[in-house]
Amino acid sequence: MSRGTPIAIVGAGLVGSLLALRLTQLGFDIDLFERRPDPRKAGFLGGRSINLALSERGLRPLREAGLADTVLKDCVMMRGRMIHDLEGRTELQRYGIDDSEVNWSVSRGRLNLALLDAAEAAGARLHFGQTLKDARFASTVSLEFAGSDEQMRQHECRHVLGCDGAGSALRHAMHAVKPLGERVEPLQHGYKELEIPAASDCSNGPFESRFRMEPYALHIWPRGGYMCIALPNREGNYTVTLFLPLLGEPGFSTLAEHGAARALFEREFADAVALMPDFDALFRDNPIGELATLYLDQWQLQHQALLLGDASHAIVPFHGQGMNAGFEDVDLVAPLLAENRNDPGAVIKAFGALRKPDADAIAQMALENYIEMRDSVADPHYLLKRELAAELVRRCPEHFMPRYRMVTFTHLPYRECLERGRQQSALMEQVLAGRSNLDEFDLNAAANRAREELTPLPAGVVA
């Protein structure tokens, strides 16, 4: 196959490695640069959460790449949120209508390795230990890298795609040429990762026996203003994350004293800390991560450079859509580049403006979902709205679908999910005004109102 215009990709994380794979499969000549050593040889150096939630938006590009079945074999299904109250009682709140609508807990490291192997096998050239130091934009793009051997090297190309994360070096180089309208909004909350280990006596038992809690769920300890979550891993352990304000009481600033963190957990997350034999050491040694949202007015520089994934729209993790949104970037931009093979610059100039409204929408929904996860999931009014939503889905599925389902299990543009969610929430608030249970009004009348006030969902969204 004759190769198209050479394209360089900076950043071989999840989005960059998937983009390299898809573009190589579509006939492009790809060089992929990564500052870290090859994780297939040096081991995966994640630096962040070891597992992520994979949803339908992320699965579709993996299907297009021929990797979905391979990836899913290494995942754990999550049917919904398992809510833990202060007394240790649990209740499952399903994500979707049944097991056809689930999320998948996936290992960041193993997924990255699978994508790198596939990209290399497809013909992409992978360059590890290469730190981008500068980029100059003239008739061509000149990328300057510092190698792990401390040698400098130049790479010339016509087009470069930046997938090098929220701290993107390519974005910094682009901004030096023309300001991109960068804005970072800190959340003023941080996170710390802990672990619930696997059961120690289950190596030869059934899969479920590896786990000390229900394996097929994302566990949440909502405490109003802060929370803990736990995602299952195939080995039987759970990645536990505490989300807490940086300041205040409780806040990370108040947990520095000896025993303060354990006291908080024994008071607020007693059933979780009881399963963490290494809690004190993990809390002492693991760093506090910070949370923020990145906004850019422009994702591109002329027709030569384009930013994707976290490099252009990093978001907080509370909708589980960071990776999925980045994969959807790939799903959208790769075929556009293939359709404009002789003029990739036209796609580079236009893509950011096309995609930015959706990136802004999921950024907003991720922030709103933090409030829902840490507080609303235990609120009686929220639970009543869930009941009403379930009834509306049953009675008029062609007009009503909960926002979470739209975001997670469909390919409706994020901006449409946000707007439909607003309309649906307003309708439910009006229907529920002054009522404390569903027996107090006519559900058929509520369904008829939904049909009158909500536009039908697009064809193909409702099964």
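Predicted model: local features only at pLDDT ≥ 70, side-chain atom pairs only at ≥ 80, totals over all residues.
1. **Overall build.** The chain's secondary structure comes to 16 helices and 19 strands. Its radius of gyration is 23 Å, close to the 23 Å that the globule rule gives for 463 residues, so the chain is as compact as a globular protein of that length.

2. **Inside and across the chain.** Of the 463 residues in the chain, 54% are buried. Take the contacts between residues at least 6 apart in sequence: 70% of them join residues at least 24 apart.

3. **Charges.** On the chain you will find 50 positive side chains and 63 negative ones. The centres of these two sets lie 3 Å apart.

4. **Cysteines.** How many disulfides does a search of the whole structure find? The search finds 0. C396 is in no disulfide, as the nearest cysteine sulfur, that of C417, is 17 Å away, and a disulfide needs the two sulfur atoms within 2.5 Å. C417 is likewise in no disulfide, with the sulfur of C396 as its nearest at 17 Å. C396 counts as buried because its relative accessibility is 0%. C417 has a relative accessible area of 0%, so this cysteine is buried too.

5. **The surroundings of C417.** Look for C417 in helix α15, which covers residues 414-432. Leaving aside residues up to four places away in sequence, C417 touches R57, M365, R403, M406, V407 and L412. By contrast, R449 is 32 residues from C417 in sequence, and their C-alpha atoms are 20 Å apart in space.

6. **Helix α3.** One of the residues touched by C417 is R57, which brings us to helix α3 (residues 56-64). In this helix E56, R57, G58, L59, P61 and L62 are buried. After α3 comes G66, which has a positive phi, near 80°.

7. **Q304.** Is Q304 buried or exposed? Q304 is buried, because its relative accessible area is 1%. You can find Q304 in the loop that runs between β18 (300-301) and β19 (305-307). With residues up to four places away in sequence set aside, Q304 touches F137, A138, S139, T140, V141, R158, H159, V160 and I348.

8. **N286.** Another loop, between α9 (279-285) and β17 (289-295), holds N286. The relative accessible area of N286 is 24%, so N286 is partly exposed. Which residues does N286 touch, not counting those up to four places away in sequence? They are K192, E193 and L194. N286 and L194 are 92 residues apart along the chain, yet 7.8 Å separates their C-alpha atoms.

Key: Residues numbered from 1 in each chain as written. Heavy atoms only, no water. Buried < 20%, exposed > 50% of the residue type's maximum accessible area, 1.4 Å probe, protein only. Helix = DSSP H or I, 4+ residues; strand = E, 2+ residues; numbered from the N terminus. Rg over C-alpha atoms; globule rule 2.2 N^0.38 Å. Contact = heavy atoms within 4.5 Å. Lys, Arg positive; Asp, Glu negative; His and termini not counted. Charge placed at Lys NZ, Arg CZ, Asp CG, Glu CD.
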